[in-house]
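Please look over the sequence and the 3D structure together before reading further, and keep both in view as you go.

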Amino acid sequence: MESSRNPVSLKQDYPEPEALPSLLELISLNQVDGFDSFKPASSFQTFSLSATGTETSDVQNAANEPLSIDNLIHAVSISMPASPMQATSKSNENRVLFDGHGGDGFADGIADPSVASETLAKQVKFHSQPMPKGAAIDQPVNFSHHPSIRRLKDRRFDTFKTWQGKLEKQLSNLRGKPQERGPDQEVPQNSENEALPVDRYFDALEGPELDTLRPSEESVLPDDKTWPFLLRYPVSSFSICLGVSSQAIMWKTLATAPSTKFLHISLEVNRILWFISLVLVAIVSSIYLLKVIFFFEAVRREYFHPIRVNFFFSPWIALLFLCLGVPPSIAENLPEALWYVLMVPIFCLELKIYGQWMSGGQRRLSKVANPSNHLSIVGNFVGALLGASMGLKEGPIFFFAVGLAHYTVLFVTLYQRLPTNATLPKELHPVFFLFVAVPSVASMAWAKIQGSFDHGSRIAYFIALFLYFSLAVRVKFFCGFKFSLAWWAYTFPMTGAAIAAIRYSSEVTNIVNQTLSVILSAVATLIVTALLVTTIIHAFVLRDLFPNDIAIAISERKPKPHRKWFHRRNGSSYHARCKKDADLETCFNPPKTDKN
């Protein structure tokens, strides 16, 4: 072998290194790009450093010449950038400093170290650059605890997300880097297959609407920040659709009823209101559909909420209103199949709700009864009214009978007392107008089934009219409280009472009934217009229409109570003895004072 015939020793004679400070000992020369040093030595091996850090030996250039190991002198020629900024330029990728003086720096193919060092001193100019933190030691800089980064990586909402939280966790596990959560980013346990029992709602929440967290409970979602919009968007938002779409029905009735022909109202008003209602229903439904897609756990908690479940009737009732208020120019007769499509979801919900009322348990009617339960009743009469308008007979009578039976029980339960033994707060006083909604729609439904406004329809209408007046005279009962979505409970029942008054005035035409129907219609229109404007202001200007929905943020388990092991009373005599004596019995059994 040629290497055996020409052995080369790479022994280098370096002076004894001096002791360096501890900080400099941690710094390696190869860890900083563009940084190197020239080590003076008596013997070097000629090599070059390329941009990729590979070393090329030049000993093979003189392999044919016999070399003396004792007299061998090696020179080092290193390409050094003029500044660290120049180290990354493409022009210096293959730059090697072999010959800087036209061949004067080499003798017999061996570089002269004196010339090389002089050339380096003339050409190389170093600039001091700040060293990034973490370069001296092989550890990356961790910014995960920065406040702004922690806000962006807040994982406390992942429990209510449908896919995102699980997907991020799976991707992190596949990369071998599990997600690290801070103490304020702990995600509560989520039962994927089991819903919260109804007992937890009653244990964790209070108030007639079960929407206030008890002081002993803790929210699973942060209460120090505003939640995502979809989490704050409640199912009760569909009450806005009920109020506006019922207006389209009222103005259609005003334009077509014989008793109000003297008003000369055009059907164009009905057409405009119907299109507005259609757009509003589409927007509200689309937003809540997004909530179903991205925050399904929140929707499920609303569904199992003993009060919120009643509002799941609202979307289908709003669609029934759209069918009742459709302008004659668009459709004179709707297909009968549409009625069955809209009534099937209502029927399924009633099987669940009414069955729980009857079977007992925590969801029995005497425990969960609330004015919002009227929403689960009124759908029967609205469906009966639409079916009778289409010419159906048996289906409308069926739903009318079911609604009448359960309304009687609900009316007695609510009229007797509230089951929670607590009065409704002022913010929820408008829901009392839901008492008017059911008898108003029932009177029109029975009149359509029978073909005339007979005695049964009049009985229901007079009940609604009395309840309307009994609530209207209590002006202070509905004033002086903050605006909320509960205010929309005014609109649908008042509009229903106005429509029933128009139908009755067409059957019994006189100046009193005509005047009453016009007054009720004007009041209902003013209320809806004022609420619509107020809702837009609070939603887009003040941006406080949708606060954090505490009702869905309860924990799955009741928090453990904090036990007080010592009954301490500062300044008492036994408190001082507890500090001095080791007798625990004295501390646990404080002395009793004699009351003589």
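What follows is a walk through this model, beginning with the chain as a whole.

The model is a predicted one, and its protein chain contains 21 helices and 6 strands. Of the 596 residues in the protein chain, 41% are buried, while the accessible surface of the chain comes to about 34,700 Å², with 59% of that surface belonging to carbon and sulfur atoms. If we consider contacts in the chain between residues at least 6 apart in sequence, we find that 76% of them join residues at least 24 apart.

We can now turn to helix 8, which covers residues 238-256. Does this helix lie mostly covered or mostly uncovered? Helix 8 is mostly covered, for 18 of its 19 residues are buried. Its length can be checked too: at 1.5 Å a residue, its 19 residues should span 27 Å, and because the end C-alpha atoms are 28 Å apart, the two values agree.

A polar atom of the Ser 245 side chain lies 2.5 Å from the backbone oxygen of Cys 241. An α-helix has 3.6 residues a turn, so residues three or four places apart point the same way. When neighbours within four places in sequence are set aside, Ser 245 is in contact with Ser 277, Ala 318, Phe 321 and Leu 322.

Finally, we come to the surface, where Leu 532, Val 533, Ile 536, Ile 537, Phe 540, Val 541 and Leu 542 form a nonpolar patch with about 650 Å² of accessible area together. One member of the patch, Ile 536, lies in helix 19, which runs over residues 511-541. Ile 536 has a relative accessible area of 43% and so is described as partly exposed, since that term covers values between the 20% limit for buried and the 50% limit for exposed.

Technical notes:
Residues numbered from 1 in each chain as written. Predicted model: local features only at pLDDT ≥ 70, side-chain atom pairs only at ≥ 80, totals over all residues. Heavy atoms only, no water. Patch = residues over 30% accessible without salt bridge, like charges linked within 9 Å, V, L, I, M, F, W, Y side chains within 5 Å. Areas by Shrake-Rupley, 256 points an atom, 1.4 Å probe, with all protein chains shown as cover. Salt bridge = Lys/Arg side-chain N within 4 Å of Asp/Glu carboxyl O. Helix = DSSP H or I, 4+ residues; strand = E, 2+ residues; numbered from the N terminus. Buried < 20%, exposed > 50% of the residue type's maximum accessible area, 1.4 Å probe, protein only. Polar contact = N/O pair within 3.5 Å; in protein donor to acceptor, adjacent residues only side chain to side chain. Contact = heavy atoms within 4.5 Å. Expected span 1.5 Å × (residues − 1).
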